Amino acid sequence: MRVRNWRGAGLILTLVSLARAQLQHPFQLVSPPTTLQQPDSTGPTDWPYRALEWGEVNVISTTDTHGWLLGHQRQEASFSGDWGDLLSFVTRMKEEARRRGVDLLVVDSGDRVDGNGLVDGEPEGHVKGYTALKFFQRMPYDVVTTGNHELYKYPVARSVYENLSKHYGENYVVSNVNITLEEGAESVPIGSRFRKFRTEMGRNVTALGPLFFFKAHAKGTDVQEPKEMIKELWFREAIEEEPSFFLLVGHMSIQKEEDSEWRVIFKAIRSVHPFTPILIFGGHHHIRDCLQEDPRSMSLAAGRYMETIGWMSVSGLESDVEEPLTFSRRYLDQNRNTYSYHAGPGFDTPEGQALSKEMGDVAATFNLTHQFGVAPQSYYLSRHSFKSPKSILRLMTQEVLPLLIQREDRQNVQRMTVLNSGSIRFDIFEGPFTRNDQWIILPFTNNFEYISRVPLSTARKLLAYLNLVGEHGVLPSSTSSVEGQAAAVEHVYRQSLHNSYTTHVATADDEKLTVGYVTIDQCPGEGDDTRHRPIPSVWQPTFVATALPTPTELDYEREELDEEEEIDIIFFDFIQPDILGALNHLEGERKGGPSRRFTDKDVGLYMETLTANTLMQEFASRKWN
């Protein structure tokens, strides 16, 4: 009954939004809501509020899809489109570009695996992401590049080389990554170093596809630092001839963070061509972002997880070289209302609809809709304090970990389980908790490890010290593993949400708007295609933990016993360097000197059968079923 009520309310909201959009844009045909391709999705109620600005050259961009090709299937109406919808939209926009006599290119900045059941739930017989990448490559990309997640495991990198790279041919542009195909053989480029091509309207393009200096790549793959890449003869020759514009599509943050070297590449090109237009499409940090290095360039990042479709347009390419170009950028909410608004009510194509059906069939084959239990409420990553009953971090530290992380043979030993909050990648929504939800929330197969005989006095200081180090961004795990880097990216994303929420100036219209992205970037004007009020966001610690053992009354009276009591510290394997570094630092501060020095020899496996990606499956089966 409650589900029917939700749908009825959604229909009313949709009709109200439709009427509002039609009044605001009487010359823009706004269609009634169209049937969702994925039946479990929630229909969108919002609409864009203005037409796209077309230029002489226009670009549709995606990045950091991480397997979310089915879209967001429950309670996230703004992102409820799927890959088939996007394919139809791109097809119709290509047709519109030809009608207008302008260019439209399509690019992707990488990271297509890890984070969704369509990728991580791949059955045995194929490497992770094999089937999802077959769906991905239906998109007619002009330039597509790699992300770091394609390079953590050699079998995945090899599969990308043999399938995705071969499918796209010269369009698969990866400027600074090599792969070794046979032991002892010389490595070869995993894609084209660069691409030179002519657009439909006759413009010459030089495209590059750099990856940030990624150090945690699999054995058998190699990543060259971008500042070294620009010294290569091939690079100097590639940029020597002046094109109509340079198109840089790479997996790097477009800001000045440590993992971004766009500026190095930009300066290398500017040293040869001071005024040639440069269009940059980045990613990696999962945020909507834009900046301009100079008046004749623009850099854009289009979010994450099939939530955002990026749009950039530029005009004035034939104007005086010293004149600023006319740029526009837009962040499109990824749903069918958006596509209908911009491409017309009949935007669906047979190819797009067929793709949507194929993906739904595969999801059923992968058993992604299998239900482990029913979540009694929604639990959020960043909308509430980590101490709130609505926080997923509180759920973990007060219910999930205390229930599941224990051993029969160590029942008499007190324990504390430490969790990097960035390892949890998504919210839990009220209602069915499925196999796909399990992959979305904790996609990695991390083991629970432990260190025994840690003095309780040291353990009491551990969480505070870890958070102090974490806030300053100097955690060893942040560069040494897939999970550590993913956690670091998650923290950057949450900080972006927090900035948006805390700096937003509320208006009377806010209550009429749904919650969504309200983007703060460095480009002029508003970038968001659909207006929202910002997603609530409060500060979250980098680390959380289960409660420490409560001292007995005797321990309060005799503090020296508290000093001598020893406990187990339990943690995911990827934060082992953080835990060891923290314990040794704290031991060094002990009065009388450290009682011991902790090394990896002190680390053992705590749980034999339970891993990160089965944790919530087990909990939901026990407590929510």
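Buried means under 20% relative accessible area, exposed over 50%, and partly exposed in between (1.4 Å probe, protein chains only). By that cut-off phenylalanine 426 is buried, with a relative accessible area of 5%. The model is predicted: local features need pLDDT of at least 70, side-chain atom pairs count only at pLDDT 80 or more, and totals for chains, interfaces and linings use all residues. Residues are numbered from 1 along each chain as its sequence is written, and side-chain values use heavy atoms, with hydrogens and water left out.

**Disulfide**
- The whole structure holds 1 disulfide (a pair of cysteine sulfur atoms within 2.5 Å).
- Cysteine 290 is joined to cysteine 523, S to S 2.1 Å, and both residues are buried.
- The torsion about the S-S bond of cysteine 290 and cysteine 523 is about -80 degrees, so the disulfide is left-handed.

**Aromatic pairs**
- A search of the whole structure gives 24 aromatic pairs (Phe, Tyr and six-membered Trp rings with centres within 6.5 Å; planes under 30 degrees apart are stacked, over 60 edge-to-face, the rest tilted).
- Phenylalanine 194 and tryptophan 234 have ring centres 6.0 Å apart and planes at 5 degrees, so the pair is stacked.
- Phenylalanine 194 is partly exposed at 29% relative accessibility, whereas tryptophan 234 is buried at 17%.
- Tyrosine 305 and phenylalanine 426 have ring centres 6.2 Å apart and planes at 55 degrees, so this pair is tilted.
- Tyrosine 305 is buried, with a relative accessible area of 1%.
- Trp68, Tyr305, Tyr380, Phe426 and Phe429 are linked by ring pairs into a cluster.

**Charge over ring**
- The charged end of arginine 304 sits over the ring of tyrosine 493, 3.8 Å from its centre (NZ of Lys or CZ of Arg within 6 Å of the ring centre and within 35 degrees of the ring normal).
- For arginine 407, the charged end sits over the ring of tyrosine 606, 5.1 Å from its centre.
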